[in-house]
Amino acid sequence: MTVHVVFATGNAHKVGEVQDILSAAGGDILVLSLSAWPDAPTPVEDGASFAENALIKARAIAAHTGRAAIADDSGICVDALNGMPGIYSARWAGEHGNDAANLELLLSQVRDVPGERRGAHFLCAAAVVTPDGRERVVEGTIEGVLTTAPAGSGGFGYDPIFKPHGFDVTTAQLSPAEKNAISHRGAAFRALAPVLIELLG
C-alpha cells in the first residue's frame, strides 16, 4: 500500500529532494506537494527549537488538509557563534530566505576565526503529524567546517560555505545524490521513512 503524506513546504526543490530520499530509503511513500492546497496556511515558526518549528508546520498542514503531513526545519550551527544562526538560519541577515545576504553576513562574522575553530554542523528535524493527532520527530546532523569563501552552485542556503568532514569540497559542489547520502536532511528523512510506514502503512 502506498503511504501518502503532504509536505508542509512551498519549496518544490525540497519536495523532489525528500521524495528521492524516502524512495531510496525503502517503503512505498508518495510525497504530495502543497501546491494542491493553494489556500494552505503559512504558520508562524516561533518555536524555540528545530523540532518545535517542524511540528508547528506539520500540525497546521495536517489540520488543513485532513491528511498526514510531514515538515522539517533545519539550519546551520556554528561553534564559534555558540550554535547560531541555528533556528534563525533562514533569516540571519533579516530577510527570510535571502541566501546571498545570509552567507555574506555569516562569513563576515567568522572572518577572523582561525581554521581549527571554524567547526559547524547542519541539523534537520523532520516531523510527521497525523490528522488524529499522532506526532513523531526525528533528527539528522552533518558535521563539517566553514570555508572562507563560497564555492559551488548546487544545493541552497549555506551549502556553498560548508565543507563536510572527509570531503575536500563544499556541499554545493556535490551531486544531489552525493549530498542526499550524507546530508542532515537525508539522515533525518531516512530515519523518518520507517516511522511513516509504522504510523500510516
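Predicted model: local features only at pLDDT ≥ 70, side-chain atom pairs only at ≥ 80, totals over all residues.
## Strand β1 and its partners

Two strands count as paired if DSSP finds at least two bridges between them. β1 and strand β3, which spans residues 69-78, run parallel and are joined by 2 bridges. In this pairing, Phe-7 stands opposite Ile-70 of β3.

β1 also has β2 as a partner: 4 bridges link the two, again in a parallel arrangement. Here His-4 faces Leu-30 in β2. To get from β1 to β2 the chain passes through α1, and this β-α-β crossover is right-handed.

## How covered is β1?

Is β1 mostly covered or mostly open? It is mostly covered, as 4 of its 5 residues are buried.

## The largest nonpolar core

In soluble globular proteins, nonpolar side chains tend to be buried together. In this model, the largest nonpolar core holds 23 residues. Val-5, Leu-22, Ile-70, Phe-189, Leu-192 and Leu-196 have the most contacts inside this core.

Which elements each supply at least two residues of the core? They are β1 (3-7), α1 (12-24), β2 (29-32), β4 (119-129) and α5 (184-200). The biggest giver is α5, with 8 residues.

## A look at Leu-192

Leaving aside residues up to four places away in sequence, Leu-192 touches Ile-70, Ala-126, Ala-127, Val-128 and Val-138. One of these, Ile-70, is the residue that stands opposite Phe-7, and Ile-70 is also among those with the most contacts inside the core.

Notes
Residues numbered from 1 in each chain as written. Heavy atoms only, no water. Core = buried A, V, L, I, M, F, W, Y, C linked by side-chain atoms within 4.5 Å. Buried < 20%, exposed > 50% of the residue type's maximum accessible area, 1.4 Å probe, protein only. Contact = heavy atoms within 4.5 Å. Right-handed = clockwise from strand over helix to strand, strands pointing away.
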